[in-house]
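This briefing goes through one model topic by topic, for a reader who wants the cut-offs stated beside the terms.

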Amino acid sequence: MIFIETLVYVVRDGRVLLIRKKRGLGAGYYNGVGGKVEEGEDVVSAAVRECREEVGITPKNLEWMGLLEFWNYEDGRVESVHFVHVFLAREFDGVPRESDEAEPVWFGVNEVPYDNMWSDDVMWLPKVLSGKKVYARFDFDHWRLIGGQVFELVRST
Ligand SMILES: CNc1ncnc2c1ncn2[C@@H]1O[C@H](COP(=O)(O)OP(=O)(O)OP(=O)(O)O)[C@@H](O)[C@H]1O
């Protein structure tokens with residue numbers, strides 16, 4: 001199965017808004033706000049919708065920061081491939097609130113709790129939070145990280 005997904009990192013006053021995911025894959029981990037792009041939806045609309053659903057805010061001026069690929073293998077076969085578009089939002093409307101999916105928590109941009117996040121995050125999120133655009137591919141075996149590569153995107157001219 002192939003999924004197109006979004007991750008949004010809301011940044012304000014030197015802090016980044018993460019969620020502690022309450023259910024589903026990655027429950028208990030901190031992550032950006034996001035989820036799957038739905039049928040008939042564009043990627044930016046999906047990113048905005050997930051922010052509204054999960055933490056009740058509307059991000060403004062989303063800045064595209066890159067693309068991640070997560071390839072999950074089970075018993076030597078590709079179980080799922082996730083293409084994740086990553087965004088930064090420096091402005092938003094509303095006040096973050098808890099939902100049945102997620103608890104919003106602010107962290108200093110230098111105090112991100114990587115030990116309680118997906119193990120790929122420490123390899124690319126510091127770059128994104130410092131304003132760099134990235135492309136990365138990670139391989140997982142039963143959702144355990146087994147390899148990956150991270151590239152910074154640069155202007156070609
Ligand atoms: C493997 N390493 C990973 N590192 C960083 N982030 C990861 C991730 N793996 C998945 N993510 C992100 O976690 C979000 C929730 O995804 P997920 O709960 O499956 O989606 P969604 O909210 O649509 O859930 P429903 O299927 O509707 O319940 C989604 O943005 C997805 O990109």
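Which strands each supply at least two residues of the shell around the ligand? They are strand 1 (2-12), strand 4 (33-36) and strand 7 (77-89), where strands (E, at least two residues) and helices (H or I, at least four) are DSSP runs numbered from the N terminus. This is a predicted model, in which local features need pLDDT of at least 70 and side-chain atom pairs count only at pLDDT 80 or more, while totals for chains, interfaces and linings use all residues. Residues are numbered from 1 along each chain as its sequence is written.

**Ligand shell**
- Among the 16 residues around the ligand, those that come nearest are Glu-5, Gly-34, Gly-35, Lys-36 and Trp-118, a residue being near if its C-beta atom, placed from the backbone, lies within 6 Å of the molecule.

**Nonpolar core**
- The largest nonpolar core has 35 residues, and Val-8 and Phe-87 have the most contacts inside it; such a core is a set of buried Ala, Val, Leu, Ile, Met, Phe, Trp, Tyr and Cys residues joined through C-beta atoms within 7 Å.
- Among the elements giving two or more residues to this core are strand 1, strand 7, helix 1 (43-55) and helix 2.
- Leaving aside neighbours within four places in sequence, Phe-87 is in contact (C-beta atoms, placed from the backbone, within 7 Å) with residues including Thr-6, Val-8, Ala-47 and Trp-64.

**Asn-116**
- Asn-116 lies in the loop between strand 9 (102-108) and helix 2 (121-129), and beyond its neighbours within four places in sequence it is in contact with Tyr-29 and Tyr-30.
- Asn-116 counts as partly exposed because it has 13 C-beta neighbours inside 10 Å, given that 20 or more make a residue buried and 12 or fewer make it exposed.

Notes
Two residues are in contact if their C-beta atoms, placed from the backbone, lie within 7 Å.
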